[in-house]
Amino acid sequence: MDGAKFRWGVLGCAKIAVEHVIPEMQRSERCEVSAIASRDRQKAEQAAVTLGIAKTYGSYEQLLADEDIDAVYIPLPNHLHKEWTIRAAEAGKHVLCEKPIGLTAAEAKEMADACAKANVMLAEAFMYRHHPRYDRLLDIVRSGKIGTVRGIHATFTYNGAGNSGNIRFNKEMGGGALYDIGVYPISAARMILGQEPEAATVHAQFSEQHDGVDMMASGLLEFPGGVALTFDCGMWSAFRNTLEVVGSEGRIVVPSAFRYADEPESANFFVEIGEEREEIQVPFVGQYLLQADDFANSVLHGAPMRYEPSDAVLNMRVVDACLQSARTRTRVLL
């Protein structure tokens, strides 16, 4: 494929795909979105016209049978991730699957095993981890500039409770705040600390107005050495999207931790040591574009994957414990 673009197919017309991921993929010099599929062919055709995609399919199976597709991006409802990842692997397609990769760690392991058996690559779509600001943040942490890390606090909340038809409020489809956005603080803490938590304690608001899913959750993850992540995630509260890494000598503050606005400076973050506050300026580049390019680079050129499928399994192991803790009102050992 020397000189050729990496050809993506998209399974479904989810809002995140149509409004964010596909447009950024199309700005890539390495990737192209060649086809989109929907069980509603008209919906696929409308998206294709809007986005300038050449081919449309009225079923996911038809897209997977297209020999001109190298990889698929799966933004389907959470409960469909496992089925279509495995079917894509069996069709010889590499897979970028939206978070959470599955509904349980067992599902994630089954997906990873299926992709390994088919000799295709699998990645979980945590776009924020591909932005260079997190490379800078990790460099600062490892340099000791803020001292020894003592704790991490993160938030990701928004208010979408009025949209009663939202699949995030459907229990059988894998709805709930922990699945939707709690996975971000969890993955970030694991990435920054380079360790796995030892226990989870989570308190959540389960709403009968929203099919019994967790609409707000606050949690404590205990990491080795007395370090903890405290976090909250919610789909029925004011918007927040922050990360703070507290060290013995200073702290790192990321005002827009997982998504940022259209202003270039919104991607920046701050390092505070005593009375000094330094703004760390980073390139204003698309996170979804970088995610697609990193994936393509691994497939086409053998570059190491930044995050192996095993990382997705481990993240779901923590989510499993968080959900168990919230449902049973107990501390859960991992």
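How many bridges join E7 to strand E11? I counted nine, and the two strands run antiparallel. Before going further I noted that this is a predicted model, in which local features need pLDDT of at least 70 and side-chain atom pairs count only at pLDDT 80 or more, while totals for chains, interfaces and linings use all residues. Residues are numbered from 1 along each chain as its sequence is written, and side-chain values use heavy atoms, with hydrogens and water left out.

**Entry on the sheet.** I took strands (E, at least two residues) and helices (H or I, at least four) as DSSP runs numbered from the N terminus, and I called two strands paired if DSSP finds at least two bridges between them. E7 covers 149-159 and E11 covers residues 236-247; Gly151 has Val246 in E11 as its bridge partner. Both strands belong to an open sheet of nine strands with mixed pairing, in the order E14-E13-E12-E11-E7-E10-E9-E8-E15. Strand E14 (276-280) and strand E15 (332-333) are at the edges with a single partner strand each, so one side of each has no neighbour in the sheet.

For contact I used heavy atoms within 4.5 Å; leaving aside neighbours within four places in sequence, Ile252 is in contact with residues including Leu137, Ile140, Val141, Leu243, Phe269 and Val271.

**Entry on Asp232.** Is Asp232 buried or exposed? Asp232, which lies in strand E10 (residues 228-234), is buried, with a relative accessible area of 10%; buried means under 20%, exposed over 50% and partly exposed in between, for a 1.4 Å probe and protein chains only. Not counting residues up to four places away in sequence, Asp232 touches, among others, His153, Thr155, Phe156, Ser218 and Arg240.

**Entry on backbone geometry.** Most residues other than glycine have a negative phi, and most peptide bonds are trans. Pro100 is in the loop between strand E5 (94-98) and helix H5 (105-117). Asn119 has a positive phi near 60°; this residue is in the loop between H5 and strand E6 (122-125) and counts as exposed at 68% relative accessibility. Arg329 has a phi near 55°, also positive; its place is in the loop between helix H9 (309-328) and E15, and at 61% relative accessibility Arg329 counts as exposed.
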